[in-house]
Amino acid sequence: MALMAGTRHVIEYNALIYRRIWRGSIAVSFFTPLFFLAAMGIGLGGLVNRASGGVNGVPYLDFLAPGLIAAACMQTAAIEAMYPILAKIMWDKTYDAVLATPVTIPDVIRGEIVWITIRMFIVATMFWIVMYAFGIGHSAEALLAIPASIITGLAFATPIMAFTATRRNDSGFAAINRFVIIPLYLLGGTFFPIAKLPLALQVLAWATPLSHGVALTRSLVLGNVTAPEAALHALVPLAYFAGGLLIVRALLIKRLAK
Amino acid sequence: MSVLTRRPTPMRVPTRSMHMVERNVMAYRHNWIVILSGFFEPVLYLLGIGFGLGSLVLAVSTGGGHSVSYAMFVAPALMATSAMNGAVYESTSNFFYKLRYAKTFEAVIQTPVGVEDAAMGEVIWAVIRGCLYSIGFVVIMEALGLIASPWGGALSVLAALLIGFAFAALGTAITTFMRQWQDHEIVQLALQPMFLFSATFFPITVYPPILQAFVEVTPLYRGVHLIRGLTTGQVDAGLLVDVLYLVLLGAAGVAVASVRLRRRLLK
């Protein structure tokens, strides 16, 4: 039980900070999907539907919306696993203070992961509500889009935390953002089917967790999910998460344990 | 015992701005990878949205009976957007940090460099940075066959400079009113709809007339309109309206920023 108490304190710390900025954060989480679905889904989607009759047999908006939820969780997890974590390791030295108490490094890791999950839950839920208002995903199954996109984000949370644990300054974060997150966002199956990419990039895309997370979320919302496919699409992101967890554990112990 | 005080000098035309620019060049010497990587973002958008998603879209009408491929439609909008984003980022977040935390300007104005020089220098620096990105992007566009004529490509770099200037001036002016980091979220909330709805990804003819008129008076729309006219070769007098609009916006921004900075720094 003492173990869980340590984790809880780390979560509580993050929640107390978030209490000061939640208004802006929720507003962004609401307006971003609203603007994106209106512009890309309806505005640009109109051009797509007229030219190609939609994508994979559904209107473009229906194709886009679930993919964007998964991608939004990826972005949230990536940001939360970079700057705030490095600040606590190095700039504010929060972890040095934390570890002077009975809270342990595994507590810290668990607490941060739960906190990132909570942040993604907020983002995904706001997105889901906006999507519902646009008339998409009116089934009980579609609610599973929220956990599916959280799994997608978790696949990025632990590997990026591991990267953060090796950093001495923040200049690597811009590189991760521009060479990993944005390419995946734009080319990884969210805006158009991966089959439209050149073959080499298709192989690369299917090796990343985003494409699987997007496929899983999309099939749940569109109601064409099959069990074996869903299992594969969930396993790939979870494998990234588990691998990242092992590495971040080793690296944080190396960096923080004195 | 006499107290050294700084006599307020009358406002003057900034002539020593290049010192401020030099300071920024020096400060970024070790962080050039951050600047370089900024170039990839619009290129990725061009590949993903312009070509990837564009493969699902037919030609887009640009008015007057003309139509262009989707990549050709989107590319100039991405160029204008990237000029805006670069200028806004530099003139809000970075400038706020210098103003509020690094106290850079407190040090600067102890030298013969004045407040006007510093403000103008900040804007020039943001414009230079934007210029590097625009040239890179135009080269990519040309290589992909998305520019109708060479002079259109060359002029579009100048147009991107003008967009960068207007938004850098606007961003600097707005930042002088900011009190905390959370205020930057408001900037993001304004940038995002401009990015999405300014005829960037689809023509504004999909909107009802009243909304079209509204979009037409927003700054990014004027920038997109200007660059698109130049790169697609559909040049008409309307482009002069864009230029005039952006020049006036930039001048107003510089004026407001100078007045505000004087009030803040020369106490």
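## Fold of chain B

Along the sequence, chain B runs α-α-α-β-β-α-α-α-α-α-α-α-α, with 11 helices and two strands. Helices (H or I, at least four residues) and strands (E, at least two) are DSSP runs, numbered from the N terminus. The radius of gyration of chain B is 20 Å, close to the 18 Å that the globule rule gives for 267 residues, so chain B is as compact as a globular protein of that length. That radius is taken over C-alpha atoms, and the globule rule is 2.2 Å times the number of residues to the power 0.38. Along the principal axes, the C-alpha atoms of chain B fill a box of roughly 80 × 40 × 35 Å.

This is a predicted model, in which local features need pLDDT of at least 70 and side-chain atom pairs count only at pLDDT 80 or more, while totals for chains, interfaces and linings use all residues. Residues are numbered from 1 along each chain as its sequence is written, and chains are lettered from A and ligands numbered from 1 in the order in which they are written.

Of the 267 residues of chain B, 46% count as buried. A residue is buried if 20 or more other C-beta atoms lie within 10 Å of its own, exposed if 12 or fewer, and partly exposed in between, with C-beta atoms placed from the backbone. Two residues are in contact if their C-beta atoms, placed in that way, lie within 7 Å. Among contacts in chain B between residues at least 6 apart in sequence, 81% join residues at least 24 apart.

## Nonpolar core

The largest nonpolar core has 155 residues. Such a core is a set of buried Ala, Val, Leu, Ile, Met, Phe, Trp, Tyr and Cys residues joined through C-beta atoms within 7 Å. The residues with the most contacts inside it are Cys73(A), Met74(A), Ala77(A), Phe127(A), Val74(B), Ala80(B) and Ile163(B). H3(A) gives the most to this core, with 19 residues.

Leaving aside neighbours within four places in sequence, Val74(B) is in contact with Leu46(B), Ile49(B), Gly50(B), Gly54(B) and Phe201(B).

## Helix pairs

In chain B, the axes of helix H7 (residues 150-175) and helix H10 (residues 219-232) come within 8 Å and cross at roughly 170°. Axes are lines fitted to C-alpha atoms, for helices over the stretch in contact, and angles run from 0 to 180 degrees between N-to-C directions. H7(B) and H10(B) are therefore roughly antiparallel to each other; angles over 145 degrees count as roughly antiparallel, under 35 as roughly parallel, 65 to 115 as roughly perpendicular and the rest as oblique. The residues of the contact of H7(B) with H10(B) divide into 10 nonpolar, five polar and no charged. Ala, Val, Leu, Ile, Met, Phe, Trp, Tyr, Cys and Pro count as nonpolar, Asp, Glu, Lys and Arg as charged, and the others, Gly among them, as polar. H7(B) contributes residues including Gly152(B), Ala159(B), Ile163(B) and Phe167(B), and H10(B) residues including Pro219(B), Gly223(B), Leu226(B) and Leu230(B).

In chain A, helix H6 (residues 145-164) and helix H9 (residues 209-222) have axes that come within 9 Å and cross at roughly 175°. That makes H6(A) roughly antiparallel to H9(A). By class, their contact has 10 nonpolar, four polar and no charged residues. Among those meeting are Ala145(A), Ile151(A) and Phe156(A) in H6(A), and Pro209(A), Leu216(A) and Val221(A) in H9(A).

## Helix H10 of chain A

Ala234(A) is found in helix H10 of chain A and is partly exposed, with 17 other C-beta atoms within 10 Å. Apart from neighbours within four places in sequence, Ala234(A) is in contact with Ile151(A) and Leu216(A). Between Ala234(A) and Tyr83(A), 151 residues apart in sequence, the C-alpha to C-alpha distance is 27 Å.

Leu238(A) is also placed in helix H10 (residues 227-256) of chain A. With 14 C-beta neighbours inside 10 Å, Leu238(A) counts as partly exposed. The C-alpha atoms of Leu238(A) and Leu154(A) are separated by 7.6 Å, at 84 residues apart along the chain.

## Interface between the chains

The contact takes 28 residues from chain A and 28 residues from chain B. On the side of chain A that touches chain B, H2 and helix H7 (171-187) of chain A each supply at least two residues, and H2(A) gives the most, with 15 residues. The residues of that side of chain A divide into 20 nonpolar, six polar and two charged.

## Positive phi in loops

Most residues other than glycine have a negative phi. Asn56(A) has a positive phi near 50° and sits in the loop between helix H2 (22-52) and helix H3 (60-91) of chain A. Asn56(A) counts as exposed, with 12 C-beta neighbours inside 10 Å.

Ala199(B), likewise not a glycine, has a positive phi of about 60°. Ala199(B) lies in the loop between helix H8 (183-197) and helix H9 (209-216) of chain B, and counts as buried, with 24 C-beta neighbours inside 10 Å.
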